Amino acid sequence: MIIIRTPAEMRDWSLAARATGSTIGFVPTMGALHEGHASLLRAAAAQNDKAVASIFVNPTQFAPNEDFAAYPRTFDADRAMCEEAGIGVIYAPDANALYPEGYATYVNVEKVSAGLCGASRPIFFRGVATVVAKLFNTVLPHRAYFGQKDAQQCAVIRRMTRDLDFGVEIVEMPTVREADGLAMSSRNRYLTPEERQQALAISRGLFKARAMMEGGERDSLVLVNAVRNEMDALNIDYVELVDANTIEPLARATGRVLLAAAAWVGKARLIDNIQYEVPEQ
Ligand code: AMP
């Protein structure tokens, strides 16, 4: 396992790999890896000649009142998981290496960043797009792997990749869940056993609404209320039905839809979603 700490060394490694004709698969993460990440790591390793994972808790996507300092950091376990999944390189730069004194450049992806998580976390997607752009510029991947658990993030990255001509293929992987339906998340570590039980209301509500869509329900209000009813003991941030590509709110389900929810459970802000392709009439 190669561990790389600086953008210059990362870029040199990638240029050398490309020079030999190797394809590079890339998985950006913030560490505290779990089975959800592992599915991305394994896909990157299987589908490319070389696979790189980054582990970087990105300060620019956290607001001052958020959990940057408390975010779990588990490098040794992460390294073992990467190794097991077939990752050859971990890129784990220091914050100073990515954001040196005087840093002033940010990527704003308009429209898709505005709703859902963008509404309650106004600087979040600016930070995500900026760091992913920087990572793409140094890792120089052919393919990059993202989880549908963060569906709006996927939409932002797809838009940015197209708009800025990165020439990276964006591969989306399905959400990995615990046996009882809870979407895996590094932030699940914040939950007490009781809170973890309460958190199940999110996936339960979303699954119920998906069954309603499969049964023909198309009314956004009805679908959103079905999820909200399940989640009524939680501190809900949002439940919304939106277009999966544009993240624009929908009054009725049509095309590829994203039903997304966010809620506070104890100290954790959890998100989850389901996607559904509405069959043409
Ligand atoms: P994070 O470390 O939380 O920034 O996540 C890194 C990548 O792993 C992102 O593309 C996430 O969408 C993805 N990911 C996180 N949790 C899951 C999950 N439960 N299933 C699938 N992908 C996930």
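Student: Within how many Å do the axes of helix H6 and helix H7 come, and at what angle do they cross?

Tutor: First, an axis is a line fitted to C-alpha atoms, for helices over the stretch in contact, and angles run from 0 to 180 degrees between N-to-C directions. Helices here are DSSP runs (H or I, at least four residues), and strands are E runs of at least two, numbered from the N terminus. In this case, the axes of H6 (residues 124–139) and H7 (residues 151–163) come within 10 Å and cross at roughly 50°. That makes H6 oblique to H7; angles under 35 degrees count as roughly parallel, over 145 as roughly antiparallel, 65 to 115 as roughly perpendicular and the rest as oblique.

Student: What kind of model is this, and how are residues numbered?

Tutor: It's a predicted model, where local features need pLDDT of at least 70, side-chain atom pairs count only at pLDDT 80 or more, and totals for chains, interfaces and linings use all residues. Residues are numbered from 1 along each chain as its sequence is written, and side-chain values use heavy atoms, with hydrogens and water left out.

Student: How do the axes of H8 and H9 cross?

Tutor: The axes of H8 (residues 193–214) and H9 (residues 220–230) come within 8 Å, crossing at roughly 150°. So H8 is roughly antiparallel to H9.

Student: Which ligand atom lies 2.9 Å from a backbone N or O atom of Met 184?

Tutor: A nitrogen atom of the ligand. For Met 30, a backbone N or O atom lies 2.9 Å from a ligand oxygen atom. A polar backbone atom of Gly 147 is also 2.9 Å from an oxygen atom of the ligand.

How values were computed. A polar contact is a pair of N or O atoms within 3.5 Å; within protein, one must be able to donate a hydrogen and the other to accept it, and residues adjacent in sequence count only if both atoms are side-chain atoms.
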